[in-house]
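Below is a set of questions and answers on a two-chain model.

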Amino acid sequence: MLFSTLAMQEVDGVVKALAGAVQQSGGAAPLILLLTVFALAVFLGVEIITKIPPTLHTPLMSGSNAISGITLVGAVLATGADNGTWAGILGFSAVVFATMNVVGGFVVTNRMLAMFKTKK
Amino acid sequence: MSPDLIDLSYLLAASLFIIGLKGLTKPRTAVRGNLLGALAMLIAVVATMLDQNIVSVTGLLIAIGIGSIAGTILALKIEMTAMPQLVALFNGLGGGASVLVAGAFLAGREFSERVTSGAGFADVLTATAASGLIGAVTLSGSLVAFAKLQELKFVKDVSFPGQKLVNLLLTVGAIGLGWMLVTQPEHAQLWYWVMAGVALGLGVLLVISIGGADMPVVIALLNSYSGLAASATGFVLNNNLLIIAGALVGASGLVLTRIMCNAMNRSLGAVLFGTMKSGGSSLSDDEVYTSVKSTSADEVAMMLEVSQTVLIVPGYGMAVAQAQHAVRDLTNLLLNRDVDVQFGIHPVAGRMPGHMNVLLAEADIDYDRLKEMDEVNSMMDQVDVAIVLGANDVVNPLARTDPDSPIAGMPIIDVDKARTVIVVKRSLSPGFAGIANPLFAADNALMLFGDGKQAISEITKAFDDA
């Protein structure tokens, strides 16, 4: 219990630091700002994932896998904008791939999680 | 939709991803957590489609339709035993999408305008190269992992002398080509696709030499890469949502990779380069297996009748034999007769993290009965009968006793300390580590030779008849 309280405090700290970074973003160069967001998100991810029990590791993988399909947003931007044929073909394929990743990932995770039952 | 409103939607989506992942920390809240993640994705995609630069929605909707249908069919048709393959395949698709998005960026109008204007943008180019490189390694590595898990005939464990050197050269080559991309943006597309090709080759070579039991590490690592590739794409497009979501997945894969490596007492480098200590005490099978006793389903049933606590330790063999439903029948029967049944699950049992848990959950076994290694080890002296089903190296006591063994120091489930151990196995053949297992010849151990599913069904029948 003590450990989990400590972990919560750490998560809390990370979230506050994230908020701080956003507030002070005024003068920072875009790259530094993006790197800051990246680094803090990695720390937050490690804090959360460490607390996920081994029983749920497979759904965690398929679920986080679906989240990594967020590239879909980039694919939509690349396809929908008027960028010429070649970029359009690349973007179209990217949208198909990423959507399979996203939709398939969330559906299969839901299917797995629905099987986890307890009588208590 | 104004850019500010789109950014706000992205912030909402990023928050929902985080809350969704937090939901996965408990089985009770996990379904909702996953749905929150899906909702976040929906919000992000809809907001993006309302971006003013999006002019051709029809093509987009067709592509999303194709992807959704294909993904849903795969997700609904797949057998639970084939889950590692499916995750590998989805990983590869994510990596492939990153390669294509970065490629589309280089082919796009905004990019060519920036090249003509001569504005410096080395940071964006670096991110593009990273996105293509990591994405391509993820794509080809995942496809090889898929082929291996699916046991496709044309993929064999390939290792050749100088493989490490070739891998190193390919890595340096891919980074060098990425550097050319950054320094010569006017030829960016050429350098990009050559680099992606080299990275595809690297991904194949990195995974092709890795054996079956090391797959949990590889799958976790590729999962991490697919996240990092998405993050890199975020740097290309200056998009915080991609960076945050990608970083969360990258972190998730890294945490799982570390857990898997610790559970095998091997370093990540040792797994990736396929180095495994061989030899050890060099006892031959004949020396170890001098006093192996075999038993029958009837005999096991009689032992179960006088037991109070039974521990079942499943391994990859249970998945191969599709024995999880037979195990459920036996478990229910034992519970009806007031025999306590617990499951001891080693972190690397199976072909991906949590593989055994999913199979047992599929067979409707209460997840409260699925215990972690440390928990069952501390209750081992109260176990009357431990049934090892299709597991080998993870219950090999040599890990504790022989410091020269390839698995020395690997944490194992101490079934040898239970009163009686029943090992259900086809033969005395070694596990992945390629060493004999003294457990099979221990005084308190009995071998029940045969197919896992059939053997468990026979025990159930014999127990029910008695």
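Predicted model: local features only at pLDDT ≥ 70, side-chain atom pairs only at ≥ 80, totals over all residues.

Q: How many helices and strands does chain B have, and what does its C-alpha trace span along its principal axes?
A: Chain B has 19 helices and six strands. Along the principal axes, the span of its C-alpha trace is about 85 × 50 × 35 Å.

Q: Which helix gives the largest share of the side of domain 2 of chain B that touches domain 3 of chain B?
A: Chain B is divided into domain 1 (1-77), domain 2 (81-272) and domain 3 (285-465). The centres of domain 2 and domain 3 of chain B are 38 Å apart, taken over C-alpha atoms, and their contact takes 18 residues from domain 2 and 15 residues from domain 3. On the domain 2 side, helix 4 (83-107), helix 9 and helix 10 of chain B each supply at least two residues. The largest share, five residues, comes from helix 10 of chain B.

Q: How many nonpolar, polar and charged residues are in the contact of helix 6 with helix 9 of chain B?
A: Helix 6 (residues 122-149) and helix 9 of chain B have axes 8 Å apart and pack at an angle of about 155°. Angles over 145 degrees count as roughly antiparallel, so helix 6 and helix 9 of chain B are roughly antiparallel to each other. Their crossing is left-handed. By class, the contact of these two helices of chain B has 17 nonpolar, eight polar and no charged residues.

Q: Is Asn238(B) buried, partly exposed or exposed?
A: Asn238(B) sits in the loop between helix 9 (215-237) and helix 10 (240-264) of chain B. Its phi is near 60°, a positive value in a residue other than glycine. Most residues other than glycine have a negative phi. Because Asn238(B) has 15 C-beta neighbours inside 10 Å, its class is partly exposed.

Q: What is the phi of Asn265(B)?
A: Asn265(B) belongs to the loop between helix 10 and helix 11 (268-272) of chain B. With 14 other C-beta atoms within 10 Å, Asn265(B) is partly exposed. Although Asn265(B) is not a glycine, its phi is positive, at about 55°.

Q: Which helix of chain A gives the most to the side of chain A that touches chain B?
A: The contact takes 79 residues from chain A and 97 residues from chain B. Helix 2 (30-50), helix 3 (57-68), helix 4 (71-80) and helix 5 (85-113) of chain A each supply at least two residues of the chain A side. By class, that side has 47 nonpolar, 26 polar and six charged residues. With 26 residues, the one that gives the most is helix 5 of chain A.

Q: How far apart in space are Thr50(A) and Asn83(A), C-alpha to C-alpha?
A: Thr50(A) lies in helix 2 of chain A. Thr50(A) counts as partly exposed because it has 14 C-beta neighbours inside 10 Å. Thr50(A) and Asn83(A) are 33 residues apart in sequence, and their C-alpha to C-alpha separation in space is 42 Å.

Definitions and conventions. Residues numbered from 1 in each chain as written. Chains lettered and ligands numbered in written order. Contact = placed C-beta atoms within 7 Å. Helix = DSSP H or I, 4+ residues; strand = E, 2+ residues; numbered from the N terminus. Nonpolar A, V, L, I, M, F, W, Y, C, P; charged D, E, K, R; others polar. Buried ≥ 20, exposed ≤ 12 C-beta atoms within 10 Å, placed from the backbone. Domains from an automatic or database assignment. Axes fitted to C-alpha atoms, helices over the stretch in contact; angles between N-to-C directions. Parallel < 35°, antiparallel > 145°, perpendicular 65-115°, else oblique. Left-handed = near helix turned anticlockwise from the far one by under 90°.
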